[in-house]
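Thank you all for coming; please bring the sequence and the structure up on your screens, and I will walk through them slowly.

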Number of protein chains: 2
Amino acid sequence: MNRWIGLDIGGTKILGSLYGEDDKPIAQSKKKTKAKEGIVVVLDQIFKVIDALYKEIPEIEHSEILGIGVGVPGLITTDGIVKFSPNIPFKDFELQSKIEKKYNVPVSIGNDVNVAMFGEYKFISNALYKNVLGLFIGTGIGGAIIIDSQLYIGQGAAAEFGHIVVNADGAFCGCGAQGCLEAYASKTAMQRYIETQLSKGRLSSLKDFRDTDGAVIKSSTLQNAYASNDPLAVEVIQYASKYLGIAIGSLINMFHPDLFILGGGIIESLGSEMMPLMLKEAERHAMPGLLTSVKFETSKLGDDAGVYGAFQFIKNHI
Amino acid sequence: MNRWIGLDIGGTKILGSLYGEDDKPIAQSKKKTKAKEGIVVVLDQIFKVIDALYKEIPEIEHSEILGIGVGVPGLITTDGIVKFSPNIPFKDFELQSKIEKKYNVPVSIGNDVNVAMFGEYKFISNALYKNVLGLFIGTGIGGAIIIDSQLYIGQGAAAEFGHIVVNADGAFCGCGAQGCLEAYASKTAMQRYIETQLSKGRLSSLKDFRDTDGAVIKSSTLQNAYASNDPLAVEVIQYASKYLGIAIGSLINMFHPDLFILGGGIIESLGSEMMPLMLKEAERHAMPGLLTSVKFETSKLGDDAGVYGAFQFIKNHI
């Protein structure tokens, strides 16, 4: 029976699953990334997760594991080199060839958000949808471009949808640029918006939910406040949705895709509130007739998307 | 000897060329489009251009013409139907099948700007460049997306780069939306900027070059005024270049392409002035390290791009 391993390497933990031909996980493994202990330790942690998955099946069946797919935060080249990673000390690191050499199977490495959204695509989609965009709205904003049913990464960094400029001369962004979508509509941006408004004395039920750092949101808090028409909650959700809608409109004009998948923590918790607002704004900006030709879905896999996507990514490559 | 026909259908004229295997034109033909006389007349004009090209070679060699490529302004579906065209009365018109039936050869139809930029790509490029963006800056702004050496059109309308929103709540655009690149950096937008400034009494050498409608530019006028540091000329060129640079930065973050081709009337006449300004702004907005990994070229074919692109488009399809 053919099997594949999917690996999701995060800043704090490494998740792995062994999958069978029915696309269902057979076994799972999890270790700390230990990013602060340096790259040798991190690589060892990765190997431990893979080893644990191999051990889940009899040694005689090890040759049935056909390949390993890996999602990593950061910029990954088409050769499987991690140019850099924001949370893990990879720097021009030949991660793909290192894993390939140790296990003697094909390995495919991709950006974590690219790979996770590819997983959502494979889970949601069918042959109807060949050209698909994924927009991931969490702490940061990322995405994925699927062209002719394959993940498109250009020279490696494609689909950085958080860094579409939606507002010339606009808000400064963590990337160093100005006016990026991420500076308006990520969880971080929404949080900053709320904190700034509360700190200047705006009345809002949200002020009772600040943690010790002064940061609000749990998304559930924001959701409840929005439901009870709290003015600041309504404002921040409208604000983020507007800029997301602008980006979605622009993306439709650029890609005219079959399907648009929205995912990430913000969509999981606030999708039903934000979706109509985003689509209204997207319609203002999409060219006549285009928006209605595009199907919209929200992500289905939650935290499993990374591992599942990594599995689909390698399965697709071999 | 294999031959192909390329056709560029414009609002006022239809250009056609017959090409041989060396990618050189063997014969050319040209007729008025007669768009105002209705679709039956337009189709007849198209047939006249094709007939004239067939007549350029002996009848016994007609079977050596392997296909016809066509560029048309407007939205063209993947099935070769012209959904609509801004200048020609096509409406859900099955142009591809009509030409195929009459000449009994394969026909490929694409958006005129997509096809012309594909022509530039085939002319400039070599096997090194698989993922390429074309940005066409003329009266309007359009473009082309080339993925894995093929033109990507999504459901038909992809690469409408003039309608990337670069400025939320910004200038209104002819498409009905707000903040589109085309509203800032097309020839039309630059012209409007100059007219508005002159009409409120700004001093500029450009005021001596208005035509009877009050419109300035000839690009050469603008070029000369820029060279002599005319403040308004400098201002409008900086203004358009800034927004183009923002869009280029965003496009690099989205596509991380191998090559970026800039073309169109504005680039042909003002490219050497605008290019450094655009790239400076693009660098502000591209994510760290990305801009230097992308090669830039300007278009080489001028008015021939449409016909040459249509030829390459059909040659590529068969």
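Predicted model: local features only at pLDDT ≥ 70, side-chain atom pairs only at ≥ 80, totals over all residues.

Let me start with Lys98(B), which is partly exposed, having 15 other C-beta atoms within 10 Å; here a residue is buried if 20 or more other C-beta atoms lie within 10 Å of its own, exposed if 12 or fewer, and partly exposed in between, with C-beta atoms placed from the backbone. Residues are numbered from 1 along each chain as its sequence is written, and chains are lettered from A and ligands numbered from 1 in the order in which they are written.

Lys98(B) belongs to helix α2 of chain B, residues 95–103, where helices (H or I, at least four residues) and strands (E, at least two) are DSSP runs numbered from the N terminus.

Now to strand β4 of chain B, residues 65–72, which is mostly covered, since six of its eight residues are buried. Two strands pair if DSSP finds at least two bridges between them, and β4(B) pairs in the parallel sense with strand β1 of chain B, residues 3–9, over five bridges. Strand β8 of chain B, residues 107–111, also runs parallel to β4(B) and is joined to it by five bridges. Ile68(B) is the bridge partner of Ile5(B), and Ile68(B) also stands opposite Val107(B) in β8(B).

How are the two chains related? Chain B can be laid on chain A with an RMSD of 0.0 Å by a turn of 180 degrees and a shift of 0.0 Å along the axis, the copies being superposed by least squares on the C-alpha atoms of residues with pLDDT of at least 70 in both. The two copies are therefore related as by a two-fold rotation axis.

Where they meet, 37 residues of chain B are in contact with 36 residues of chain A, contact meaning that the C-beta atoms, placed from the backbone, lie within 7 Å. On the side of chain B that touches chain A, helices α7 (231–255) and α8 (265–285) of chain B each supply at least two residues, and α7(B) gives the most, with seven residues.

Definitions and conventions:
Contact = placed C-beta atoms within 7 Å.
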